[in-house]
Amino acid sequence: MLNPKLRRELIELLGPNRLLTSREELLSYSFDATAGVNGRLPEAVVCPQNKAQLVEVVKVAARHQVPIYPRGSGTNLSGGTIPEAGGLVVLTLDLNRILEIDDDNLTATVEPGVIVQSLNDAVAPLGLIYPPDPGTVATATMGGTVAECSGGLRGLKYGVTRDYVMGLEVVLADGSLVRFGGKTVKNVTGYDLTRLFIGSEGTLGLITEITVRLIPAPESRRSLIAVFDSVEDAGKTVSAIIKNRVVPATLEIMDRMTCETVEAFAKVGLPPGAEAILLIEVDGAPEPVERDAQTVANICQEHRARQVRLARDEADRDRLWAARRAALPALARLRPTTILEDATVPRSRIPEMLCSLNEIARRYDLLIGTFGHAGDGNLHPTILCDSRDPAEMERVHRAIEEIFRAALSLGGTLTGEHGIGLAKSGFLEWEFGTEGVEILRRVKEAFDPGYLFNRGKMVPFSPGKSA
């Protein structure tokens, strides 16, 4: 129940139409795209129109000791935007202006509600791109992708969000606005606070402006599909391609279950009976692209690919990548609940991780389809289940633990791009140890001693603290 005084202040600040309090409205903001994570209703949802209102919302929430849960499009896959302690969900979707495209310095400055694809559409006429390419590129906001340090299909060659954010403006827990970084290519003044906020999952402050680096769009690109009769051969091919000094823009893998499901769903012409396929794209200047494409094709054949095919034209290329982007929606049709993980290993350990995933699926009698960014070791084992079945969900939770243990034992990490959120907070000590988690807590409390921002995420709420 929203405090009456807080309600009056928020209405005075935002107007009655920008404060949502009915149960029906709040239900939509009690969850995000993460399956299997229970949230709770926020006390209200606030929808500021501009930066000034956003700053005032933070000040009002701090005065009333009510936690804030920042939210963009809600495409998060780790429970990062789910309200854990009531409080206010703060939508940033209306802060959606592209403030500047600086062609001279190859930068853009945007508000957090700008959709990633909208930025790319805006810079495309200038022959530029913003390379981070999350699977939800058409719906994810810039603020959300910065808060999560999102990756995507182009991460192997071009890197992830942290590699392109040059500066941030942030509102802190006391309502003050601070700016870190800027347009300069070099900047080693003080601690790298820009990097600290990237991937902080909305726990240190609210982003109000983002300055990102743009790069020239590649002149040429070639895509190909390689079909394998074993996941081990496909995994070894990934390492061999990189070892031969070819760095594709994209190098994706799909296992048999994923391929068959995608083909039944999207009818994109994937070959039947494959244990795994690799989808690969090289880009750059025309002559090196043709050379690299042929090199990649030869490597795939040397590693027992039974079929290697280059895309004939742009329409054929689009069909191949439509198959990859259809992986999650296709798998999600099989069972009521879809739990998408992103345990990540060094690329040389991909064959071992794929074998471990198959064994985990067999041991716990679960449907697990695996696809992902093989070039950077970022796999997406996708567990298909029914959250209404307690016995099955018990097996699911044990399987998830084993997936994390397997990744860590191979020198990997709990999450390559989805973040910790609520879903993985209980496993942080497995990777960081008690001492490492304590350091995270100290950082949190240095910026947000009252746990105002995204309470319950990254580190547990400290008893005795108030927002």
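Which residue in β15 is the bridge partner of I225? Select I225 and look across to β15: the partner is R309.

Before going on, note that this is a predicted model, in which local features need pLDDT of at least 70, side-chain atom pairs count only at pLDDT 80 or more, and totals for chains, interfaces and linings use all residues. Residues are numbered from 1 along each chain as its sequence is written, and side-chain values use heavy atoms, with hydrogens and water left out.

**The sheet.** Now select residues 220–228, which are strand β12; β12 and β15 pair in the antiparallel sense over four bridges. Strands are DSSP runs of E with at least two residues, and helices are runs of H or I with at least four, numbered from the N terminus. Two strands pair if DSSP finds at least two bridges between them. Widen the view to the open sheet of seven strands, ordered β15-β12-β14-β13-β17-β18-β16 with antiparallel pairing. At its edges are β15 (307–310) and β16 (337–340), each pairing on one side only.

**The helices.** Next, pick residues 231–243: helix α8 packs on the sheet and touches β12, β13 (250–255) and β14 (276–284). Contact here means heavy atoms within 4.5 Å. Then select 256–266, helix α9, which lies across β13, β14, β17 (367–373) and β18 (378–385).

**The cysteines.** Finally, show C259, which is buried, with a relative accessible area of 3%. Buried means under 20% relative accessible area, with a 1.4 Å probe and protein chains only. The closest cysteine sulfur to that of C259 is in C300, 14 Å away, so the two are too far apart for a bond. Also buried is C47, at 11%.

Note on methods:
Axes are lines fitted to C-alpha atoms, for helices over the stretch in contact, and angles run from 0 to 180 degrees between N-to-C directions. Buried means under 20% relative accessible area, exposed over 50%, partly exposed in between (1.4 Å probe, protein chains only). A disulfide is a pair of cysteine sulfur atoms within 2.5 Å.
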